[in-house]
Amino acid sequence: MFSTPATTAALSGQAWLQAMLDVENALARVQARAGLIPEAAAEEIARHCHAEYFDAASIGERAASSATPVIALVRDLTALVDEPAAPYVHRGATSQDIVDTAAMLVVRRSTDPVLADLRSAAEQCAGLAGRHRDTLMVARSLLQQALPTTFGRKCAGWLTALTEATAGLERVRRERLAVQFGGPAGTLASLGADGVRVSGLLAEELGLTEPVVPWHTDRNRVGELAGVLGTVAGTLGKIALDVKLHAQTEVGELAEGASGGSSAMPHKRNPVRSVVITATTQRVPTLVSGLLAAMPQEHERAAGAWQSEWEPLIELLRLVGAAAAATRELLADLRVHTDRMRSNLDLTGGVLMAENAASALMEALGRTRAQDLITEVSHRVVERSTTLRAELLADSSVRAVLSEQDILAATEPADYLGSAGAFVDRALDAHAQNAGGNDQ
């Protein structure tokens, strides 16, 4: 329920092992390019940097004695390569260099499917917004009926939030996933004057950004990643919450195409995808706060706070991946019941148009008298189970200043949408521009 095949594979122990080996491989290659180790040694190391050559369970067990999996990994890799290449394995690096850089690779690889799902979900929102640009429904404030709006306007809100959250994740992936290469104390002393050059070559080899300095205890990058993933999750959770509320039996404006049943009540159609999205996204803030809490780290290398990041980061990526996939599926198969939207809009006899009716009376009666009169009329609507339009047409004080045509116009929901249509158009234009930028 709370993962996808793609993210499960990208976040597995085997995937982390391969990412660490990819870093060791790249490190040997760039040091050979820099003339610091023999080319033959780099080729020998590269030939053995494949996860299937290693016992991941054994590395995990041995990691417990050193608080890092890298010591066991380097020992096993050194034992695999031929004797001339052995001295050049892991040269100049420290354990945290390998794990942090591998983490950046894992983040990039595991968020590829997440971004694809987010973009697909945004496309579904855009389609819904365009198709329902003028579909009337009631807007709700504090869970109560407020004013007329359109379903397209609601979808435009979802679309804009998705677009902005996706852009935030794209920015972090593009700008903030950086190589970590600083050696034991962040000075790369064992490489002499070649440390900065090797760091740059390593970033180029792995397709990561090059930091100004090693960031062993500067965890801003991890904090930003946590924050943007939390924002994505919050956006997805909001969409699921709206769908659940609109899908309630008494509301009936939306339904999931693949709604689930109940073990005891055959008649039920549960919004199962919205339930899954909620269950995943509500666990995210705790993980985000855990990563933010780990940011203050001691001196040049941390004692525990760094290690505390690993599992929350994996869980965070896994849950956001599951929520993104479920949201894509939810929106692709969402059922929109426009007739229920219209009937719910009329549920209160049109009193939600009271604001507009009061505005129509203000010029002739003044603000206070107009509002008092509309309040009286609205109470009659509730008491008599009539409509605002009927009561206004029957009220002599109203008819003294408003014609029948004025009253009809003042009580027509379709004429009190303000800039709803324009906002939908703006959201669709912004989405199209963003999608065009992603294609380039």
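Which residues make the nonpolar surface patch of about 290 Å²? In this predicted model, the patch is formed by Leu143, Leu241 and Leu245. Leu143 sits in the loop that runs between strand S1 (136-141) and strand S2 (144-150). With a relative accessibility of 69%, Leu143 counts as exposed, because the threshold for that class is over 50%.

Helix H9 (residues 220-246) also packs against another helix. The axes of H9 and helix H10 (residues 272-281) come within 9 Å and cross at roughly 145 degrees, and the crossing is left-handed. On the H9 side, the contact is made by Ala233, Leu236, Gly237, Ala240, Val243 and Lys244; H10 contributes Ser274, Ile277, Thr278 and Thr281.

Turning to charged side chains, the count of salt bridges comes to 30. One of them lies within H9, where aspartate 242 and lysine 238 meet at 2.8 Å, N to O. These two residues are 4 positions apart in the helix, so about one helical turn separates them. Aspartate 242 is buried, at 8% relative accessible area, whereas lysine 238 is partly exposed, at 43%.

Glutamate 315 pairs with arginine 283, their closest N and O atoms being 2.7 Å apart. Arginine 283 is partly exposed, at 33%. Finally, a network of salt bridges links Arg171, Arg174, Glu175, Arg176 and Glu224.

Terms used: Residues are numbered from 1 along each chain as its sequence is written. This is a predicted model: local features need pLDDT of at least 70, side-chain atom pairs count only at pLDDT 80 or more; totals for chains, interfaces and linings use all residues. Side-chain values use heavy atoms; hydrogens and water are left out. Patches are made of residues with over 30% relative accessible area and no salt bridge: like charges are joined within 9 Å, nonpolar side chains (Val, Leu, Ile, Met, Phe, Trp, Tyr) within 5 Å. Accessible areas come from the Shrake-Rupley method with a 1.4 Å probe; for residues, only the protein chains shown count as cover. A salt bridge is a side-chain nitrogen of Lys or Arg within 4 Å of a carboxyl oxygen of Asp or Glu. Buried means under 20% relative accessible area, exposed over 50%, partly exposed in between (1.4 Å probe, protein chains only). Axes are lines fitted to C-alpha atoms, for helices over the stretch in contact, and angles run from 0 to 180 degrees between N-to-C directions. A crossing is left-handed if the near helix is turned anticlockwise from the far one by less than a right angle, and right-handed if clockwise. Contact means heavy atoms within 4.5 Å.
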